[in-house]
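Trainee: I am new to this structure. Could you walk me through the labels used for it?

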Amino acid sequence: MTQKREYRWTFRNDSDLSADDVQIAQKLAQDLSISPILSKILVNRRIDTFEKARAYFRPSMEDLHDPFAIDQMDAAVERIIRAMSNNDHIIIFGDYDVDGTDGTAMLWRFLNDLGAHVDYFIPDRIKDGYGISPAGIDHIREMGATLLIAVDCGITAVQQVEYARSLGIDVVICDHHEPGHEIPNASAVLDTLKPSCKYPFKFLCGCGVAFKLIQALTLTDPIRSKLGEDAPKRLLDYLQYVTLATTADIVPLVNENRIMVKLGLELINSIPVAGIRALIETSGLSPGKISSGQIVFVLAPRINAVGRLGDANRAVEMLAGNSFDDAVQIAKIMEDENFQRRKIDEETFSQAQAIVERYLEADEDSAIVLHQETWHPGVIGIVASRLVERYYRPTIMMTTVDGVAKGSARSVSGFNIHEALKRCKDKLIQFGGHKYAAGLTVDLERLDEFREAFKQVAAELLTEDLLTPEIHIDAEVQLSDITPKFLRILNQFAPFGPENMRPVFAMHSVEVYGQPRIVGKNHLRFKVRSNTHVVDAIGFNLGYLLSRVQNGSKIDVAFSLDESEFAGETVPQLKVRDIK
């Protein structure tokens, strides 16, 4: 199998809009004084009223939903306030990824500042495994806990919750993963995906659910009296944690998620808490210019690294502390471990790629399922994502842990890998996750049986279109449309992420101007011209398309819009996705 180079372009044309939508887009363009091209993109993203546009471009805390609309929020708040009143020992039990460690740090900091008797525990990826485990419960029992608050895990921990209750430990769950057939019998289970939960937004991350718990607590008289007039500012500050977790966990960046991330990014870029500031500075980024993309590709991997290769409790210590100097010391450790993680990544990816190239057939295999007992469990999820990017097939990477195969699954657009695993559940010990990412455990003796079953499910569900990478074109434009005002408004569509991706545009029959060249590591740089308008373009890792761009040739180009500096002036640049 070789890396796919051809893409299918799908267009959102005016004909896709109803007559009513066309009128709405026209009115929105007038009311907002923006380009009709941008107003149509807004309407296609369900931003179809002036008030929705106001919340999109200028969100505020008042735009967040009522936290008590989450099922069992009343019970969760009551149990925590009672624990604080009785000085019960509260343990926050978080997952070891960015979502779990961020949520744990945030909730610990909130409760600790209120004077609660609170500690935290992050399980070891290898020793304890994912989520709430009997070993983890035994550990927090030794710590003297009477209340466990789970962050980013727990929704499928039915037996584990019963075990905790038998030891006199109550449990409150803050999770966002898909529930199983049975909901744990906890003091409260906060998960917007529960069938009984009527919350208007379903796609919070685990840290986001924990933030809603904090928001609910600040609305109660006992907590409000402790916080006083400082409550709104304190609540706003916690959005920095939610921003890291929401962007890193690749949940839809719409509705409440986008509000929190947009507000949180403003704080991260102005007055970051000590731990986040340390992370930014040690990673080499520039404070004041942090984007959602930089969180995903630069900051989040460093937080994840300490959990993948060591003790994720250090991430909580860094994020929750007030000392910048102490945070810098941990951030430097993160930098070193992230470097080691990348080395292991490359080695594992090379081994996996060799297996794929040797054994898999592009025309016959709809999925990739690999197992090697020596692979490090902390990197197989990352490598699975890289294999998806290269071969565009749903991919499962597994290693051996405690005598069983444990792994991570990653998917392609349009293929629900959690549902696919559900169809193979009789061959699994356990599984859980999301539409595009999941974890699983398989008996070693049933590996081949599972592999064939999963490939069969993939073959049944995946069409040829789904196995061809898609570039979604939001609008067709001319070079003359790309004005400074157009760019200024477009930049306000940020932060970008799932379901609010950076808009992709297309131009047809535009002329290549001048001599294209290869720069850096196989990047394609050239210019395009239409009438008197000339704009720079760059296609990262698109050097193989050089033959399509010759001086004077006419091309169709799919691109997003970026900016670059030239002679002290900001000018537009096409960030090319594909050329036809």
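Predicted model: local features only at pLDDT ≥ 70, side-chain atom pairs only at ≥ 80, totals over all residues.

Trainee: What makes the span of α12 close to the expected one?

Mentor: Helix α12 covers residues 255-268, which is 14 residues. From first C-alpha to last, α12 reaches 20 Å. The expected value at 1.5 Å a residue is 20 Å.

Trainee: Why is α12 called largely enclosed?

Mentor: Buried means under 20% relative accessible area. Twelve of the 14 residues of α12 are buried, so the rest of the structure largely encloses the helix. Among the buried ones are Glu256, Arg258, Met260, Lys262, Leu265 and Ile268.

Trainee: Why are α5 and α8 called roughly parallel?

Mentor: Helix α5 (residues 98-113) packs on helix α8 (residues 206-218) at an angle of about 15 degrees. Angles under 35 degrees count as roughly parallel. Therefore α5 is roughly parallel to α8. Their axes are 8 Å apart, and the crossing is left-handed.

Trainee: Which residues of α5 and α8 meet?

Mentor: In α5, they include Asp99, Gly103, Met106 and Phe110. In α8, Cys207, Phe211, Ile214 and Leu217 are among them. By class, the contact of α5 with α8 has nine nonpolar, three polar and two charged residues.

Trainee: Is the crossing of α16 and α17 left-handed or right-handed?

Mentor: The crossing is right-handed. On the α16 side, the contact includes Arg341, Asp345, Phe349 and Val356. On the α17 side, Ile382, Arg386, Leu387 and Tyr391 take part. The contact of α16 with α17 has seven nonpolar, two polar and six charged residues.

Trainee: Where is Thr463, and how do you know that Thr463 is partly exposed?

Mentor: Thr463 sits in the loop between α19 (447-461) and β12 (470-473). Its relative accessibility is 43%. Buried is under 20% and exposed is over 50%, with partly exposed in between. So Thr463 counts as partly exposed.

Trainee: How many residues apart in sequence are Thr463 and Thr400?

Mentor: They are 63 residues apart in sequence. In space, Thr463 and Thr400 are 32 Å apart, C-alpha to C-alpha.

Key:
Residues numbered from 1 in each chain as written. Heavy atoms only, no water. Helix = DSSP H or I, 4+ residues; strand = E, 2+ residues; numbered from the N terminus. Expected span 1.5 Å × (residues − 1). Buried < 20%, exposed > 50% of the residue type's maximum accessible area, 1.4 Å probe, protein only. Axes fitted to C-alpha atoms, helices over the stretch in contact; angles between N-to-C directions. Parallel < 35°, antiparallel > 145°, perpendicular 65-115°, else oblique. Left-handed = near helix turned anticlockwise from the far one by under 90°. Contact = heavy atoms within 4.5 Å. Nonpolar A, V, L, I, M, F, W, Y, C, P; charged D, E, K, R; others polar.
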